[in-house]
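Please open the model in your viewer and keep the sequence panel beside it. The stops below are meant to be selected one after another.

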Amino acid sequence: MEAPVLLSWLRSGIQSIVSMWALVGLLLARAAAAAASPTAGHELAAYGQRFEVNVVKGSDLVEVVVVRLPATGRSWEFISSGRVVFSTAPRDYDGDGSEELLGVDGPGGSCCPNQDFILAIDPHRLEPRWVAFPESGFETQDLQVEWDAGRAHFVRKDEDGCWIFGWHAGAIGTLQHFPPLSSLAEITGRAERWYDGPPETRQLEFDLDRDGRPERIDCDINARSGHLQDCALPVSAASPSELVSECSRLGVLSSLSHGLHELVCGARETLSFDGQRWRAAAPSSTAPQSAWACP
Ligand SMILES: [Ca+2]
Ligand SMILES: [Ca+2]
C-alpha cells in the first residue's frame, strides 16, 4: 500500500471512530435526560396521548404545574396558591380508561385551607384541566380514596363533618355530607391556629353519670393546631383516664354507654365508656350510614 493511500485510510478510520463516539455521546446524553425527566414529575396517559406533568418553582411563594404534550410540543401552566403535591401516581379515577392526577394545592401544614384538585385531560380538546374539589380542607392527609366498581370516591373527615366526593364526567361533586353530631354541651379549641402565647386549657362540666353532681373534663390546647388535647376524662374520682388524641371539639352526646353519656371528638368520632375505659365507639345505629367510610 502506498503512503498517501495509507494516510487517507487512517484519516477516514479516525473520522469514523470520532463520529461513532460523538453519536454514542449524543445517545447517552439523551438517555440521561430521558431517565431524569420521570423522576421530576408524572406521565399522564390519556386518550391515546402521553402528557408530562412537572411542578416547578414560580417564585418564593408559589409553584407552577407545567403540563406538556411532547407529541405536539404544546404546554400549559397552572399557577398554584402555594405548594402542589400530587398524592399518588396517576390513576383512572372515573373509570373511562384515561388517567388523572389527584393533588393538593395550598400553603401546606394545618395553618391554612388546602384545596384538593384533580388534574385531568379534556377528551375533546386534549388539554389539561384543573378541577377543584367543592370544599377546601385543613387536614389534607384525611382525604381517603375509596373504590367502587372501578370508580373513585373521596372521603374527607374534618371539623365540618364527613364528606363524600365523587368524580364523574369531568367534574367533582359532593355525593353525601354528614354534619357534625349535635351535642348537649361542648368545648372547642381555638379558632385561630399557630398560637404562641402562654399555655391554655379548657374545662367542660357536665353530669355524665346523672347522679346530680357535675363531672369535670380538663383539656390542654395544642399550640400548633389549636385543638384540644390530653383531655382527662372521668372514670372514677380516684383515677381519671387520659384521652390522647386531638379533638377540634369535645361534646356530650345524649346517648349513654354503661351509665355515662357518650362523647364526641371533633365532628363525628364517638367515645363510649365500656365500664372501665373510654374507647372509640362504633357508629350508633341511628346515625346515617354511608356505603363508604363515614362514621
Ligand atoms: Ca379517567
Ligand atoms: Ca355526676
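**A tour of the chain**

Begin with the whole chain of this predicted model, coloured by secondary structure, where you will find one helix and 21 strands. Of its 295 residues, 26% count as buried, and among contacts between residues at least 6 apart in sequence, 38% join residues at least 24 apart.

Next, select residues 144-148, which are strand 9, together with residues 151-158, which are strand 10; the two run antiparallel and are joined by five bridges. Within this pair, glutamine 144 stands opposite valine 155 of strand 10. The two strands form a hairpin with two residues between them, and alanine 149 in that turn has a positive phi of about 55°.

Go to tyrosine 47, in the loop between strand 1 (41-46) and strand 2 (49-57), whose phi is positive, near 50°. Is tyrosine 47 exposed, partly exposed or buried? It counts as partly exposed, because it has 14 C-beta neighbours inside 10 Å.

Finally, select histidine 258, in the loop between strand 18 (249-257) and strand 19 (260-265). Histidine 258 also has a positive phi, of about 50°, although it is not a glycine; with 11 C-beta neighbours inside 10 Å, histidine 258 counts as exposed.

Notes
Residues numbered from 1 in each chain as written. Chains lettered and ligands numbered in written order. Predicted model: local features only at pLDDT ≥ 70, side-chain atom pairs only at ≥ 80, totals over all residues. Helix = DSSP H or I, 4+ residues; strand = E, 2+ residues; numbered from the N terminus. Buried ≥ 20, exposed ≤ 12 C-beta atoms within 10 Å, placed from the backbone. Contact = placed C-beta atoms within 7 Å. Pairing = 2+ DSSP bridges.
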